[in-house]
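Trainee: Could you take me through one part of this model closely, the salt bridges and the places they join? I would like to follow them residue by residue.

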Amino acid sequence: MTVGPRHATTIGVIQQQLLKVLVDEEVAIRVQQPVTLSESEPEPDVSIVRGSLSDYMTHHPCQEDVLLCIEVSDSSLKYDRTTKLQVYARAGIPEYWIVNLNEEHVEVYRTPDPSAGTFLEDFIVPRKSFLSLNIDDQSVELAISELLPC
């Protein structure tokens, strides 16, 4: 599927914002790179993984390394809400976001139930709100308006 300009720009904006707030954390931000899960190797638009980028010179991060997967969604919204959501939930990925460009909000899915292939907690964060991102014992606030290009 071709990535349009708004989709591509949003991925870059998200990467920049995450780099700003996670500068002191021991995590790496990966853009459109594979993560190795038990059943597949998806390439989330953005992922946050434990360690540094150089930790993954010989292998992709595995599901235990992944802290957050983000999909930027416009034409792929149905697929991201069903197939991708199930893949990430079955793998036990702790948090999954869909940055919904059509409705200009972020859909947050937390607390995976791997056996059911779903998440136990889900909510929508509107453009004018903030979202807490929890990395281990640290929490950082992100303004949704800063994740969505004008």
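Mentor: Let's start with R6, which is partly exposed, with a relative accessible area of 35%. Keep in mind as we go that this is a predicted model. R6 forms a salt bridge with E104, and the closest N and O atoms of the two are 3.1 Å apart. This pair links distant parts of the chain: R6 sits in helix α1 (residues 5-21), while E104 is in the loop between β4 (95-100) and β5 (105-113), 98 residues apart. E104 is partly exposed too, with a relative accessible area of 31%.

Now stay with E104 and look at its other partner. The side chains of E104 and R127 meet in a salt bridge, at 3.8 Å from N to O. R127 lies in the loop between β6 (118-126) and β7 (130-135), and E104 in the loop between β4 and β5, so this pair ties together parts that are 23 residues apart in sequence. That distance of 3.8 Å still falls within the 4 Å used for a salt bridge. R127 counts as partly exposed, at 22% relative accessibility; the cut-off for buried is under 20%.

Next, turn to R90 and E39. These two form a salt bridge as well, with their closest N and O atoms 2.7 Å apart. R90 lies in helix α2 (residues 77-90) and E39 in the loop between β1 (27-31) and β2 (46-50), so the pair ties together parts that are 51 residues apart in sequence. Both ends are partly exposed: R90 has 35% relative accessibility, and E39 has 43%.

With those pairs in mind, step back to the chain. The salt bridges come to six in total. There are 11 positive and 24 negative side chains, and the centres of the two sets lie 7 Å apart. The chain has three helices and eight strands, running α-β-β-β-α-β-β-β-β-β-α from the N terminus on. Of the contacts with a separation of 6 or more, 49% are between residues 24 or more positions apart.

As for overall form, a compact globule of 150 residues would have a radius of gyration near 15 Å, and the 14 Å of this chain agrees with that. The C-alpha atoms fill a box of roughly 40 × 35 × 30 Å along the principal axes. Of the 150 residues, 47% count as buried, and the accessible surface comes to about 7,600 Å², with 49% of it belonging to carbon and sulfur atoms.

Conventions
Residues numbered from 1 in each chain as written. Predicted model: local features only at pLDDT ≥ 70, side-chain atom pairs only at ≥ 80, totals over all residues. Heavy atoms only, no water. Helix = DSSP H or I, 4+ residues; strand = E, 2+ residues; numbered from the N terminus. Rg over C-alpha atoms; globule rule 2.2 N^0.38 Å. Buried < 20%, exposed > 50% of the residue type's maximum accessible area, 1.4 Å probe, protein only. Contact = heavy atoms within 4.5 Å. Areas by Shrake-Rupley, 256 points an atom, 1.4 Å probe, with all protein chains shown as cover. Lys, Arg positive; Asp, Glu negative; His and termini not counted. Charge placed at Lys NZ, Arg CZ, Asp CG, Glu CD.
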